[in-house]
Amino acid sequence: MESTMIFGLHPLFGFLPLLLYIVLMLLGKDMNVSVLLCVVLGAILTGESITGFANTLYVSLGSFCAMIGFIIVLGSGLAEVLSRTKVAHNLVYTVVKKFKLKSQKMAILLSMFTSTLLVALLGTLAGSNAIIAPILIPIVASVGLTPSTLGVILHGAGATGLYIGPFVPPVVTITGLTGLSYGSYLINAGIPLAVIVWGSTFFMACRTQKKTEGKEAYDETDSEAVAFEPDAKCKRATLAFLIVMVVMLAYGLIVKASASYAILVMMVASIVVGLVGGMSFKDSLNSMITGGSKMFWMFFMFILFEPFLNYVSASGAFNAICQLMQPLIDIGGEVAFLMLSAAVGVFGISGTGVAQAQITHELFLPMVQALNVDMEIWGMVVLVACQVTFFVTPTVDMVGQMGLARSKNIKAMLANGWVITIITFIYVLIRAIIYTM
């Protein structure tokens, strides 16, 4: 693509909106304000007209980014229905009741499984763990787990759900970008990386427990038994939710449904669960809309994100950076490219996971096509690029899980994060070497 920069500027100046976005994210500025500023800057640099800018926003409403934003909105709506009908609480209660805690390690495993399960089903780390934390705390407190340990668990195990959930935003985004089926994605990216994160989290949670036991503890009142008891209506709604998810997921896999299928799944699950849970059709729909409205800000951001990336692409910046990388690729080959692209995604790009996946994919797509890199391994690289970032530094996700666990031990969180990061990059290197053999 030829550069369309004003005043004949070098295409690399087209990265200014992206650079501005990264700086604003690192400074903790509002995401929507940041992306809007970047879109405007991109429009100015590429000489976009006012009417052209308006048309670009209109076209963006039908883009892949907009669809992902809408799926996130519907996911939040489903979470609201599951919370109001107490289905989310019952899922946690059922898992906990099935296992009698005999040791701290069993409590760690139980907490990890519960967090991963709910995040994979609801598609939100903060929202899912906010539901289970008040239920888990009395349970883990009864066997002596510390707040620091639970903080590590909620962050690591919860994040694993975002690697494998069929309709979670990162998975839907990556399968949509790469064209991989859900099954192929799981085999080549989701499951291997989930095993790394889960294994590391379990090991580090056990290690954190040994280091903090006797030094910190939950209040004695937290050790009291959990009072929640699901009624018959809640149990029926829970069963209905599981049936809908299993049936629709199976059908989606059979017909090889696209990412847009998640929209129907979220809507059907919300309505069915609401009706079976004792809500009217109107109340079910309104609850879904109420819950979804909490994430409208993210939908708005993704509407802006499409033109943001398109303006950077129109400047010729992506092609220019690939030309600069070519000498390095000539020396290190595909292994160097895969490692470099993963590292740039993790350490060089900030923002939401979906945004990072989109930027990483768009940034390196010309090189991926030039090197004829298989989408199976590229999907794995994009997953690393968009998810490992949240383990490297004290991001909102990391601090948020600490808060839910009532932990103040940021060192324990970062220790687990860096162990996950190091092991992940070793795995990427091994996969890249095997791929090129």
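# Helices, packing and burial in a predicted model

User: In which helix is the place of R236?

Analyst: R236 has its place in a helix of residues 232–254. Residues are numbered from 1 along each chain as its sequence is written. This is a predicted model, in which local features need pLDDT of at least 70, side-chain atom pairs count only at pLDDT 80 or more, and totals for chains, interfaces and linings use all residues; side-chain values use heavy atoms, with hydrogens and water left out. Helices are DSSP runs (H or I, at least four residues; strands are E, at least two) numbered from the N terminus, and the helix of R236 is α11.

User: Is R236 buried, partly exposed or exposed?

Analyst: Buried means under 20% relative accessible area, exposed means over 50%, and partly exposed lies in between (1.4 Å probe, protein chains only). R236 has a relative accessible area of 47%, so it counts as partly exposed.

User: How many helices does the secondary structure of the protein contain?

Analyst: The protein has zero strands. Its secondary structure therefore consists of helices, DSSP runs as defined above, and their number is 20.

User: What is the radius of gyration of the protein, against that of a compact globule with 437 residues?

Analyst: The radius is taken over C-alpha atoms, and the globule rule is 2.2 Å times the number of residues to the power 0.38. Along its principal axes, the C-alpha trace spans about 70 × 50 × 40 Å. For 437 residues the rule gives a radius near 22 Å, and the protein agrees with it, having 22 Å.

User: What share of contacts between residues at least 6 apart in sequence joins residues at least 24 apart?

Analyst: A contact means heavy atoms within 4.5 Å. Among contacts in the protein between residues at least 6 apart in sequence, the share that joins residues at least 24 apart is 81%.

User: At what angle do the axes of α6 and α8 cross?

Analyst: Two packed helices are described by the angle between their axes and the distance between the axes. Axes are lines fitted to C-alpha atoms, for helices over the stretch in contact, and angles run from 0 to 180 degrees between N-to-C directions. Helix α6 (residues 104–122) and helix α8 (residues 147–164) have axes that come within 7 Å, and their crossing angle is roughly 40 degrees.

User: Which word describes α6 relative to α8?

Analyst: Angles under 35 degrees count as roughly parallel, over 145 as roughly antiparallel, 65 to 115 as roughly perpendicular, and the rest as oblique. The axes cross at roughly 40 degrees. That angle makes the position of α6 relative to α8 oblique.

User: How are α8 and α10 oriented to each other?

Analyst: The axes of α8 and α10 are 8 Å apart, and the two helices pack at an angle of about 180 degrees. The residues of their contact divide into 15 nonpolar, nine polar and no charged. The orientation of α8 and α10 is therefore roughly antiparallel.

User: How many of the ten residues of α9 are buried?

Analyst: Helix α9 (residues 169–178) is mostly covered. What covers its buried residues includes α4, α8, α10, α16 and α17. The buried residues are P169, P170, V171, V172, T173, I174, T175, L177 and T178, and of the ten residues their number is nine.

User: Which residues does N32 contact, leaving aside its neighbours within four places in sequence?

Analyst: N32 is found in helix α2 (residues 31–45). Its relative accessible area is 13%, so N32 is buried. Leaving aside neighbours within four places in sequence, the contacts of N32 are W297, F300, M301 and L304.

User: What is the phi of N372?

Analyst: N372 lies in the loop between α16 and α17. At 60% relative accessibility, N372 counts as exposed. Although N372 is a residue other than glycine, its phi is positive, near 60 degrees.

Notes
Ala, Val, Leu, Ile, Met, Phe, Trp, Tyr, Cys and Pro count as nonpolar, Asp, Glu, Lys and Arg as charged, and the others, Gly among them, as polar.
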